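Open the model in a viewer and keep the selection tool at hand. This tour goes from one stop to the next and says what to select at each.

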Amino acid sequence: MPPLTNQPSERGVPEADAGFSATSAESALSEALNVLRKRKWVLIAAAALGILFGLYQAATQPIVYTASGRIQVARPNSQASLGAATGSVMGSLQSEDLETEVLIISSESLMLSVAQEMNLANNPDFMGPGPYRNINDPVIRAAVISRLSNAFQVASIPRTQMIRIGVTASKPQLAADLVNHLINAYQQRSFESRFASTQRVSQWLQGQLDDLKQQVEASQEQLMDLQKRIGVLGLGADASKPVTTQVTAAVEALSAAAIQAKVQRILAESRYRVLASADPTLMEDSMQGQGGGQSALSSLRADAAATKAQIAQSAVTLGPKNPQILALQAHLREVDREIKTEETRLVTEAQQALVAAKANEAQTESALEDQKNQSYRLRDDLVEYTLRQRDYETNRALYEALLAKLRSASVQAGLDALEIDVVDPAFKPVGPTITPRSSIMSRDLIMSLILGVMLAFALESLDTGIRSVAEVEHITQLPSLSIIPRVRRLPSDGSGSMTVAQTNIGVLATSKSQFSEAFRSLRTALLLATTGHPPKFILISSSTPSEGKTTVSTNLAAILAQRETRVLLIDADLRRPNVHHRFGLNGRIGLSTILSGGATLEEAVKNVPEVPNLDVLCSGPVPPFPTEMLSSESMNQLLQQCAELYTHIVIDSPPILSVTDAVILARHADAIVLVVRHGKSSRNVVRRARDLLVRSGAPLTGVVLNSVDINAPEYHGYYGYSGYSYSNIDSESWESNGRETERNNKGDEA
């Protein structure tokens, strides 16, 4: 069987988070209740002021009369029909529309209309008696409208199309007249606003119509000019087709003629090249191709060939000088000459034909290009014609639509007016409207309590003093060693039965009190603070003066000496010594005397008779350079000598932030206790003192919260056991006259 392991369940984390959230909520609620308990006098004062103010308001409230009326606001008929066509409810207004009408009724323009109609500026029941007031005066007008607006209450009735209009006035008839006049003014404004809106629309439409008419006329003139230029007759989409067809046919004819001219030029050029080559065979073939049969050149060449043949035959029989041969040779020369002449003529004719063909081709191409350019221009003109025709038709259609809208605007204005039905006109109220005194007082009491709570939390947030253990632990990041309660100083009875030490040292006067138990708790915490051995050098200091460090050091030394141990209390505050006053000792010889070499430790130490195991080393005369004296080698040797003689050495040092003496002495300490006075020590000051000690490497053990009111709500339960612990125990030697005495641990520094 495998060993069981402690694995967290899947539900453990959510349950822990839920528990933490619940704990945080309870802690926050508890802190809020503690703040309210601590600032209870603020709440009591706020409640008293609220009640008094409520009584004053109830006694001085004016006698007023309230009148009201109800109207129904419905959608106009034309809009209702349109709404039915689109699927909405016929004749109903949306909630936003109804709220808009409520704001219109409450507008300053309607209030001014009512004020002018009823002459409220000079109505003594409304504005009070006085000289004549002109409503056109801006100051008087603003005052009348403001008072009238505050008097009216206009609101829509939920889930209906009705609006309730109420008013409060000093006279019953005035209240009814104000409501009825406001309803009439609202109805009149509804019709006037619709009529004015229609007039504005008509004027705008008329201006738009004039502009559109000019645009239509300009478009028509431009269209007609373009028709004249391109030769289009009539209007419409098919008016330009004849012109397009004519231009297209001309382009096609010129294209065919250009092709034919190019072919002829090619043939003429080829014939010329053949004739110019002087090849008899090619020339003969060319002539046959051109003439279609036997040409003159061919005949001449045949004749020349035949003549040459005869000469050749005759030369064999007749000889070269034969007249017949000479005649044949002369004939041959004539034929050759004619052949040359014919060839020249043919070449010249071919050249002329080529020139004519080229000229024909060039003219045909030029005419074709001109026709193409003309067709391109015609195409652009036709596109412009189409755009202008479309612009003309659009402007004409818009002009006709706006003209129809203008003609129907006056009729539509009457249909668009809201239907306002007076359901309940205002009547003269029977009696005045008075708010009950209980309602006024309850309202003022609640408001004053809310303000009191806000003021209490504001005062708490502005209070920078440390007032709880959790707060001081959070600021210093140190444990709280003990909580020293605040007690009253026990006055001397005058009989001399109590010594000075018993009067000033609380743990000597009453060992069974909560004050003594707090120092026993501090003693236990310090003895267990260091591992292996209890601390020998215990340094007691505070951030600033008057926090109770001397009280803590003297009482702690007395508590430590009650055990079977030798304890030495050193007053290291060489600037403001106070320990010798607490024990009633002579402070002429002390620490400064030893360090300056004027006395030895045995000569300067004084024993406290009330605590046999406690010795006190007073500060001695105030030296001129206390810091240098405390940091000297003599101080180190003195502390080493004290460590050999005593079990615990408690050092009362100056405040940390005032001088550097405490930081110097902290090097020798095994445990350092930082005293914080409840409600006095500032958070920033305590944090600064703690940082100085930490940066110096001092063994800072913990914090003591001093002068705590244990009756405060946040400290209930800290000392609830005190009445149980010592209820039936006989008095010890540490009590004075069998009475528990509360001691005052207020700071001893000025």
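Is Glu-547 buried or exposed? Select Glu-547 in this predicted model: its relative accessibility is 0%, so Glu-547 counts as buried. Glu-547 lies in the loop between strand S6 (537-542) and helix H18 (549-561).

**The whole protein**

Zoom out and colour by secondary structure: there are 26 helices and 12 strands. Of the 750 residues in the protein, 41% are buried. Among contacts with a separation of 6 or more, 80% are between residues 24 or more positions apart.

Strand S6 belongs to an open sheet of eight strands, so select them in the order S5-S12-S11-S6-S10-S7-S9-S8. The pairing in this sheet is mixed. Strand S5 (480-485) and strand S8 (606-608) are at the edges; each has a single partner strand, so one side of each is left without a neighbour in the sheet. From one strand to the next, the twist averages 25°.

Next, select strand S7 (residues 567-571) and strand S10 (residues 648-652), which run parallel and are joined by five bridges. Which residue in S10 is the bridge partner of Val-567? The partner is His-648. Then show helix H23 (residues 633-645), which packs on the sheet and touches S6, S7, strand S9 (611-617) and S10. The direction of H23 makes about 140° with that of S10.

**Two nonpolar cores**

In soluble globular proteins, nonpolar side chains tend to be buried together. Here the largest nonpolar core has 44 residues. Select Leu-591, Leu-617, Leu-638 and Ile-651, the residues with the most contacts inside that core. Centre the view on Ile-651: leaving aside residues up to four places away in sequence, Ile-651 touches Phe-537, Ile-538, Leu-539, Ile-540, Ile-570, Ala-572, Leu-639 and Leu-665. A second, separate core has 39 residues, including Ala-67, Leu-148, Ile-165 and Leu-182.

**The sheet of four strands**

Go on to the open sheet of four strands, which has the order S2-S3-S1-S4 and antiparallel pairing. Which strands stand at its edges? They are strand S2 (152-156) and strand S4 (419-424); each has a single partner strand, so one side of each lacks a neighbour in the sheet. On average, neighbouring strands of this sheet are turned by 25° against each other, direction ignored.

Select strand S1 (residues 65-74) together with S4: they run antiparallel, and five bridges join them. Within this selection, Arg-70 stands opposite Asp-424 in S4.

Select helix H13 (residues 437-462), with 26 residues. How far apart are its end C-alpha atoms? They are 37 Å apart, which agrees with the 38 Å that the helix should span at 1.5 Å a residue. Buried residues in H13 include Ile-440, Asp-444, Ser-448, Gly-452, Ala-456 and Glu-460.

The last stop is helix H11 (residues 296-317), with 22 residues. From its first C-alpha to its last H11 reaches 32 Å, close to the 32 Å expected at 1.5 Å a residue. Buried in H11 are Leu-297, Ser-298, Leu-300, Arg-301, Ala-304, Thr-307, Ile-311 and Ser-314.

Terms used. Residues are numbered from 1 along each chain as its sequence is written. This is a predicted model: local features need pLDDT of at least 70, side-chain atom pairs count only at pLDDT 80 or more; totals for chains, interfaces and linings use all residues. Side-chain values use heavy atoms; hydrogens and water are left out. Helices (H or I, at least four residues) and strands (E, at least two) are DSSP runs, numbered from the N terminus. Buried means under 20% relative accessible area, exposed over 50%, partly exposed in between (1.4 Å probe, protein chains only). Two strands pair if DSSP finds at least two bridges between them. Axes are lines fitted to C-alpha atoms, for helices over the stretch in contact, and angles run from 0 to 180 degrees between N-to-C directions. A nonpolar core is a set of buried Ala, Val, Leu, Ile, Met, Phe, Trp, Tyr and Cys residues joined through side-chain atoms within 4.5 Å. Contact means heavy atoms within 4.5 Å. The expected span of a helix is 1.5 Å times one less than its number of residues.
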